There are 2 protein chains.
Amino acid sequence: MGAQEPPPESFASTDDARVVGPLQHVQSITFARDIPLESGGHLSEVTCAFETWGRLNDDATNAVLVCHAISGDSHAARHHPDDDLGWWDDLIGPGKAIDTDRFFVVCPNVLGGCRGSTGPSDLDPNTGRPFGAGFPRITVGDMVNVQRMLAEHLGIRRWRAIVGGSLGGHQAMNWIARYPDAADLCVVIASSARLTSQALGFDIIGRNAIQTDPHFNGGQYYDQPQRPDTGLAIARMLGHITYLSSEVMEEKFDPDRHDPRKVATIFEQRFSIGSYLAHQGQKFTTRFDANSYIALTMAMDLYDLGADRLQLMETFNDAECEFLLVSFSSDWLFPSSQSRDIVNALVALDKPVTYAEITSPRGHDSFLIPEDIQHYAPLIQARLGAIDTIAEQISEVEQIILQEIPPGASVLDLGCGDGHLLSALKRRGHAKLVGVEVDQNNLLQAGRRGLHIIDYDLNEGLPAFIDQQFDVVVLSATLQAVANIEMLFDEMVRVGRRVIVSFPNFAYRALRDAFVTGGRSPKAPGEFGYEWYNTPNRRFPSIADVHDLCREKSLRLRKEIYFDATHNRRIAPDEDPNLNADTAILVISHT
Amino acid sequence: MGAQEPPPESFASTDDARVVGPLQHVQSITFARDIPLESGGHLSEVTCAFETWGRLNDDATNAVLVCHAISGDSHAARHHPDDDLGWWDDLIGPGKAIDTDRFFVVCPNVLGGCRGSTGPSDLDPNTGRPFGAGFPRITVGDMVNVQRMLAEHLGIRRWRAIVGGSLGGHQAMNWIARYPDAADLCVVIASSARLTSQALGFDIIGRNAIQTDPHFNGGQYYDQPQRPDTGLAIARMLGHITYLSSEVMEEKFDPDRHDPRKVATIFEQRFSIGSYLAHQGQKFTTRFDANSYIALTMAMDLYDLGADRLQLMETFNDAECEFLLVSFSSDWLFPSSQSRDIVNALVALDKPVTYAEITSPRGHDSFLIPEDIQHYAPLIQARLGAIDTIAEQISEVEQIILQEIPPGASVLDLGCGDGHLLSALKRRGHAKLVGVEVDQNNLLQAGRRGLHIIDYDLNEGLPAFIDQQFDVVVLSATLQAVANIEMLFDEMVRVGRRVIVSFPNFAYRALRDAFVTGGRSPKAPGEFGYEWYNTPNRRFPSIADVHDLCREKSLRLRKEIYFDATHNRRIAPDEDPNLNADTAILVISHT
């Protein structure tokens, strides 16, 4: 912010954390050779501005590429405590999730931008005048191509990780789509395989506002007295609405709806939200170039890794990295469903992938906001090898389940909780382990254990998974909380060669007694201390019920293990387990 | 559309149904007197353009006022089969929901518009030149004031109904806020008590685009060679995105995303959605005036009936009409939560109100779309007196409940289904009857019976209702489907002086027998044919369970009626009803 007056508190936006003055610590490299572009055009030389943190190790295996979003730049983090804040300062630094004591972090400014790398405001070496409208159309692929030249220049053959949010996520995925062996890990935050038609529409309106600004002059405004600041400000205002959720806008701007801040502006100032938009729009014109905005939004709009799962599977077929995707519940510009589409394709390809939808009211901007970074940062940290060693609490039932899983089997654990079962399997050496969990705290804890967990609701079925993808599917102590049990059974035997289901038996003797003598609605045995009116359980199956369902669906019951945890003993199948066992473990498969 | 080429099908929008040529059948009246405005300004005369359908009856009790939305006009419906389609043609006409054979329908063009009523493009009688920027600031209240002058002119003292969607809904509510005895019925579709900050933001950006258009010339463009068409088109593009849901945009524009239609335009045409926006934006400039757009959006933005329930209760305190509110699930410009805020205030004031949230993927535009009109039209029709007489299927248990309801008591029926119980009470002469239902088909059927039904999920509690608002609250055959039973009990005794709860007893002898001998999860007795894995029930209470809960909450059990429907006999409280009754009816109250 420098000498500027800081904006009033309710005006703070993620944008205000960004450096608006000249950047320090920026290095740059000029590639003085012909660079062909995906559009068919070319650039006769390209400069790439970038910043780095930490030191590249001797075998160049600790380099992390950080890709910025549309209005970001190379200043992702501070270089020293007194440095200007970076836009991802909570994520990158000594001891942070992307630990600059361990990693050599590189953040380049994108091709087409206006913060050091070649863009439309630079001089065209062929004419000696700024490119302006003569700047060729660029794509995310072209941005990645320049970053790859930078990597070569730095002596990096393979990134430890490529990390990006929004347009940065597009770059990260494009790296892998083009160069499947380019990284060990690809981290994609609040991004998508392509824009929604709605997001496309907003970008188009923004570009229309710029291009019809009379000072735009067909893009040749650099030698004119005025720039298309009005159009650029309007485009930016529109962007700002899409970066926030309606909920958070209400919180920020409703209390003083009719009390606008004083902003020197040509724009309307009748409402608080109006002065915020005017402030953000005008501020943007002081640090961003309209032609760059057009070039970068168009690159985003043309970005398309695939409209459906098959196309996405083709895109990522050869990928050799792990993936981590994060979305935010209130992000309507890059909604969670778009991240799930990518996850579904990656899972179907058997790529190792973790996916978390972070519950946040802060919309698309969440990926830049400390309150939300703190939730997803530990997942990045774990995937970068800093794994929490948390002792696993394995119940007796789970011990039995573990015994039933053949050595080395691939396992999908549905409702995996904090991942303790998968963690035990991991220590046993199983390579392909995937958990599904919907509770955010559980999911994050499982992620911190270094497990691959997918954030899905079992009531939606298992759309991510393909037929017979796992040796074993486990549903442990989860059945009774699922509404759509019939579909889940169909899905489990579709996805797994064997299915291990453990569940509390609601026809256990003690429960029957309580029901018959006490006449009370049965409660789950064991650890569950709920009342009938507040239990998370919504099904109360007995062993006989599940047998019936298996018979109805012609499923094969390969093994039955019954357990009386109360008296700590096994119940044989001929000892009337439906009466005598409080817990059942069934191994099921398709006929 | 006239001589224009019809747009390709995927380009169809509700806007295309609107007449863009000169209107026929328009009458107009000029009030040549000083009209003071809410802003403090005034107009020295006002012309109001309007259309009418049907005939006013002798005592002027059959007049329906229809209020249009921002870009609408007086042509709400055809006047004869060969006439141009109106924007609400599916709702208004002979034999339709607003039946022009029965009602005298009046649709005026709003003050500030540009389709016949006085607006900024008209000549200022004081200067002989168009008002332009000199047009005084107007409010929704000013629009209503002119409509009231029209009503007087037509000899209408009280409207049978005032009906409007979006800005039309704002007018309808403002009528009642200003003149509480102005109508028998107020119908508000897809509207709100005030705009969200997000919606406000979009309007502001639209106005900024117009006002910074160099051809805007401070609003004095009528004698200039060019008008601020670019700005107006951009504002309209933005509007069009907010009128659609993201889902429906995907459906319309994704299949041919990269294949834009050919539109003669100065705007970008790279994507299908871009050519749609260009088409809609440009088309709008041929029929709408930029100053009117500014005046009407500003009136909408300034509209504010109250930010919270207390303010809204003050607004509607004296209202003497019935209310019908309709919202659409995918409308993010006027989200359902905003309709619920209004409903909560009206319900707390004991005003008769029906509220339905129609499930639709079509966003805000739903209120104009035939597929959605067909869902809400019957509710309007019923409130206008065309009530379906559907025979009530009253079960024996419900007969007992009816007996327990004192004559004339006010009754709230939670989970009222198709309203058969309330319908029976209505025939018995009860005046204050309200149903709550979440299933759309049930709700619409109850509405067609002429009942007042509120579309709410019982798991959210009863926030609409105030303490001790009803003599009797009924929860019949619904308890077992509610997750949050504890809160619901608290809420029921808060809202009702007496609560009648009927529920299937899951500890009934036959179920215990089945459980004990068969070892199967208990199923509900009687009419419910579900399996344990697919029942909508999620709680399985016994009579003893509910007794326990009442004891725990120190609720007074005023009456217990037990019933063995299987054997068609009453069970006395000392005959072990928890074993012998399959159904319980408990009358409960706060201590």
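Reply: Thr196(A) lies in the loop that runs between strand S10 (185–189) and helix H3 (197–211) of chain A. Helices (H or I, at least four residues) and strands (E, at least two) are DSSP runs, numbered from the N terminus. Residues are numbered from 1 along each chain as its sequence is written, and chains are lettered from A and ligands numbered from 1 in the order in which they are written. This is a predicted model, in which local features need pLDDT of at least 70, side-chain atom pairs count only at pLDDT 80 or more, and totals for chains, interfaces and linings use all residues, while side-chain values use heavy atoms, with hydrogens and water left out.

Is Thr196(A) buried or exposed? Thr196(A) counts as buried because its relative accessibility is 5%; buried means under 20% relative accessible area, exposed over 50%, and partly exposed in between (1.4 Å probe, protein chains only). Its side chain reaches the backbone nitrogen of Ala199(A) at 2.9 Å.

Which residues does Thr196(A) touch, leaving out those up to four places away in sequence? In chain A they are Leu333(A), Pro335(A) and Gln338(A), and in chain B they are Ser246(B), Glu250(B) and Arg257(B). Contact here means heavy atoms within 4.5 Å. Thr196(A) therefore touches residues of both chains.

That leads to the interface. The contact takes 75 residues from chain B and 74 residues from chain A. Together the two chains bury about 6,500 Å², with 59% of it on carbon and sulfur atoms. Phe515(B), Trp532(B) and Tyr533(B) supply 13% of the area that chain B buries against chain A, more than any other three residues. Buried area is the accessible area (1.4 Å probe) that two parts lose on being put together, summed over both.

Charged side chains also meet across the interface. Side chains of opposite charge can pair when their charged atoms come close. A salt bridge is a side-chain nitrogen of Lys or Arg within 4 Å of a carboxyl oxygen of Asp or Glu. Between chain B and chain A there are 6 salt bridges. One of them joins the side chains of Asp254(B) and Arg194(A), at 3.1 Å from N to O. Several helices of chain B each supply at least two residues of the side that touches chain A, among them H3 (197–211), H5 (246–253) and H15 (509–518). The largest share of that side, 11 residues, comes from H3(B). By type, the residues of this side of chain B divide into 37 nonpolar, 20 polar and 18 charged. In this division, Ala, Val, Leu, Ile, Met, Phe, Trp, Tyr, Cys and Pro count as nonpolar, Asp, Glu, Lys and Arg as charged, and the others, Gly among them, as polar.

How are the two chains related? A rotation of 180° with 0.0 Å of shift along its axis superposes chain B on chain A, with an RMSD of 0.0 Å. The two copies are thus related as by a two-fold rotation axis. The same surface serves both copies, since 99% of the contact residues of chain B recur in chain A. The superposition is by least squares on the C-alpha atoms of residues with pLDDT of at least 70 in both copies. Arg538(B) comes closest to the axis of the residues of chain B, at 2.4 Å (C-alpha).

Back in chain A, strand S10 contains Val187(A). Val187(A) is buried, because its relative accessible area is 0%. Beyond its neighbours within four places in sequence, Val187(A) is in contact with residues including Ile162(A), Val163(A) and Ile380(A).

Ser166(A) lies in the loop between strand S9 (161–165) and helix H2 (167–178) of chain A. Ser166(A) is buried, with a relative accessible area of 5%, and has a positive phi of about 60° although it is not a glycine. Most residues other than glycine have a negative phi.

The side chains of Arg178(A) and Glu38(A) meet in one at 2.7 Å, N to O. This pair links distant parts of the chain, 140 residues apart: Arg178(A) is in helix H2, and Glu38(A) is in the loop between strand S2 (35–36) and strand S3 (42–43) of chain A. Arg178(A) is partly exposed at 29% relative accessibility, and so is Glu38(A), with a relative accessible area of 49%.

How values were computed. Polar contact = N/O pair within 3.5 Å; in protein donor to acceptor, adjacent residues only side chain to side chain.
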